[in-house]
Amino acid sequence: MILVTGGAGFIGANFIIDWLAASDEPVLNLDALTYAGNLESLATLAGDKRHVFVQGDIGDRALLDRLLAEHQPRAIVHFAAESHVDRSIHGPGAFIHTNVQGTFTLLEAVRGYWSALEGERRSGFRFHHVSTDEVYGSLGPGDAAFTETHAFEPNSPYSASKAASDHLVRAWHHTYGLPVLTTNCSNNYGPFHFPEKLIPLMIVNGLAGKPLPVYGDGQQVRDWLYVKDHTSAIRTVLAGGRVGETYNVGGWNEKPNIEIVHSVCALLDEMKPDAAGPYARLITHVTDRPGHDRRYAVDARKLERELGWRPAETFDSGIRNTVRWYLDHADWVAHVQSGAYRDWVSTNYVQRSAT
Ligand code: NAD
Ligand code: TYD
C-alpha cells in the first residue's frame with residue numbers, strides 16, 4: 001500500500017480517486033482536516049476498503065511511527081501542506097508548522113522506517129514530495145520558463161516554506177540516502193478546488209452575483225494545469241522517476257489572470273446565463289497582493305524526455321469540465337462555504353478597496 005498525506009485536500013483527493021481508478025493498491029490517507037481538508041471530496045470512495053482514512057497531523061511523530069509500523073507502505077506521497085499564498089501573508093506560522101516542521105518530522109519518521117527495511121522493500125521504497133513552481137520565484141515577461149536547475153528565489157511565506165521543505169527532502173536523500181522524488185508543479189485547477197483560489201472563487205462568486213476580485217491590473221501570469229494531469233504526472237514519476245531527481249510539471253498554458261477570469265465568465269454565460277447581464281460585469285479590480293509574483297512559467301521537458309509525460313487536457317477542455325463540475329456540485333460548494341470560510345472572505349477581501 002501507499003501512504004498519502006493531505007489526501008482530503010484538493011490535489012490529494014483527486015490523486016486518491018484517480019489512483020484507485022487505475023489500480024487496486026490500497027491507500028492510507030493521513031490528513032489533519034484543516035479548513036482545506038474535506039472528506040466529502042472522497043465521498044465516492046465511501047465503503048471502499050482500499051481507502052483507509054486517519055485524521056492526524058504530519059507533525060505527530062508517535063502517530064507516524066505507529067502508522068508506518070502497522071501499514072508498512074511501499075511509498076509515501078506527501079501532499080499535506082498549507083497551500084494558499086494570501087493566507088500565508090496573513091498568518092505565516094501555520095506554514096512553518098506544517099510545510100517545514102511537519103515535513104521534517106515526516107522525513108525523520110520515514111527515515112527510521114525505511115532504514116529498517118531490507119532487500120527489495122528497501123531499494124524499491126520511494127518518498128515522493130509534491131511541491132510547487134513558486135519556489136523558483138517570479139519571471140520577467142521575456143524570461144525563459146523555469147527548469148529544474150533554476151535558482152530557488154521564493155517570495156512569499158508560502159513559497160519560502162515550500163522551498164525549505166524541498167531542501168529538507170533533498171538533504172535527506174543526499175545525507176541519509178532516503179530514496180526521494182520531488183515534483184514542482186504549476187497552478188492546478190479542477191474538481192474539489194477550495195473556493196479561496198482564483199478559478200473556483202470566480203465561479204462561486206459569479207454564481208452568487210458577487211464581485212469578482214482581480215488583484216491589481218490582473219496581468220500576472222500563471223501556467224495552469226488540469227488537476228488530473230498533475231495526478232497522472234505524479235503516478236508517472238512515482239513509477240519511473242530517477243531517485244533524487246526533481247521534475248517540473250506544467251500545462252504549457254501561460255495566461256494572465258484577467259484572461260482566466262474572462263474565460264470563466266464566458267462559460268458561465270453559456271452554461272448558466274444570468275438575467276442581470278454578462279458575468280464579466282462583476283469583475284472588480286482590487287488592491288494588489290503584497291509581493292505579488294508577476295509570472296510563473298514551467299519548462300516540463302525533462303518529464304516528457306525521460307518519462308514520456310505530457311498533459312492530456314487543453315485549457316479549453318479543462319476549464320469547461322471545471323465550470324460544469326461546479327455547476328453540478330452545488331452541495332459540495334455550499335458545505336465548504338462554512339462559517340470559517342466566511343471569516344476568511346472577510347479577512348482577505350473586506351479591507352481590499354476597489355481600485
Ligand atoms: P490543499 O490546501 O487543498 O490541501 C492540503 C491538505 O493538507 C488538506 O486536506 C489539509 O487538511 C492537509 N493538511 C494541512 N496541514 C496538515 C498537517 N499538519 N497534517 C496533515 N494534513 C495536513 O492543498 P492542495 O492544493 O491540494 O496542494 C497539495 C500539495 O500540492 C501542497 O503540498 C501544495 O504545496 C502542492 N501544490 C499545489 C498546487 C496548486 O495549484 N494547488 C500547485 C503545485 C503544488
Ligand atoms: P491563487 O489561486 O491564489 O494561486 P497562486 O497565488 O498560488 O498563484 O491565485 C492565482 C492568481 O490569481 C494570483 O496571481 C493571484 C490572483 N488572484 C486574484 O486576482 N484574485 C483573487 O481573489 C485570488 C484568490 C487570486
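A residue is called buried when its relative accessible area is under 20%, exposed when that area is over 50%, and partly exposed in between. The model described here is predicted. Its salt bridges come to a count of 20, and ligand 1 has 28 residues around it.

- Arg 289 and Asp 86 form a salt bridge in which the closest N and O atoms are 2.8 Å apart. Arg 289 belongs to the loop between β12 (283–286) and α10 (301–307), and Asp 86 to helix α3 (residues 85–90), so this pair ties together parts that are 203 residues apart in sequence. Both Arg 289 and Asp 86 are buried.
- Because Arg 87 lies in α3 and Glu 196 in the loop between β7 (187–189) and α7 (198–207), the pair ties together parts that are 109 residues apart in sequence. Glu 196 is buried, at a relative accessible area of 3%, and Arg 87 also counts as buried, at 17%.
- Asp 217 and Arg 294 meet through their side chains in a salt bridge of 2.7 Å, N to O. Asp 217 sits in the loop between β8 (212–215) and β9 (221–226), while Arg 294 sits in the loop between β12 and α10, so parts that are 77 residues apart in sequence are tied together.
- Are Asp 217 and Arg 294 buried, partly exposed or exposed? Asp 217 has a relative accessible area of 37% and is therefore partly exposed; Arg 294 has a relative accessible area of 37% and is partly exposed too.
- A network of salt bridges links Arg 242, Glu 245, Lys 302 and Glu 306.

**Gly 137**

- Gly 137 is found in the loop between β5 (126–132) and α6 (157–176). With a relative accessibility of 0%, Gly 137 counts as buried.
- Leaving aside residues up to four places away in sequence, Gly 137 touches Phe 146, Glu 153, Pro 154, Asn 155, Asp 293, Arg 295 and Tyr 296.
- Ser 159 is 22 residues from Gly 137 along the chain, and the C-alpha atoms of the two are separated by 8.0 Å.

**Helix α9**

- How far apart are the end C-alpha atoms of helix α9 (residues 257–271)? They are 21 Å apart, which agrees with the 21 Å that its 15 residues should span at 1.5 Å a residue.
- The buried residues of α9 include Ile 260, Val 261, Val 264, Leu 267, Leu 268 and Met 271.
- An α-helix has 3.6 residues a turn, so residues three or four places apart point the same way.
- The elements that the buried residues of α9 pack against are α7, β8, β9, β11 (254–256), β12 and α11 (315–328).

**Ligand 1**

- Among the residues around ligand 1, those that come nearest are Ile 11, Asp 31, Ser 83, Tyr 158 and Lys 162.
- An oxygen atom of ligand 1 lies 2.9 Å from a backbone N or O atom of Gly 9. A nitrogen atom of ligand 1 is 2.9 Å from a side-chain N or O atom of Thr 98. For Val 130, a backbone N or O atom is 3.4 Å from an oxygen atom of ligand 1.
- On its own, ligand 1 has 830 Å² of accessible area, and the protein covers 96% of this.
- Two or more residues of the shell around ligand 1 come from each of α1 (10–22), β5, α6 and β7. β5 gives the most, with three residues.

Methods
Residues are numbered from 1 along each chain as its sequence is written. Chains are lettered from A and ligands numbered from 1 in the order in which they are written. This is a predicted model: local features need pLDDT of at least 70, side-chain atom pairs count only at pLDDT 80 or more; totals for chains, interfaces and linings use all residues. Side-chain values use heavy atoms; hydrogens and water are left out. A salt bridge is a side-chain nitrogen of Lys or Arg within 4 Å of a carboxyl oxygen of Asp or Glu. Helices (H or I, at least four residues) and strands (E, at least two) are DSSP runs, numbered from the N terminus. Buried means under 20% relative accessible area, exposed over 50%, partly exposed in between (1.4 Å probe, protein chains only). Contact means heavy atoms within 4.5 Å. The expected span of a helix is 1.5 Å times one less than its number of residues. A residue is near a molecule or strand if one of its heavy atoms lies within 4 Å of it. A polar contact is a pair of N or O atoms within 3.5 Å; within protein, one must be able to donate a hydrogen and the other to accept it, and residues adjacent in sequence count only if both atoms are side-chain atoms. Accessible areas come from the Shrake-Rupley method with a 1.4 Å probe; for residues, only the protein chains shown count as cover.
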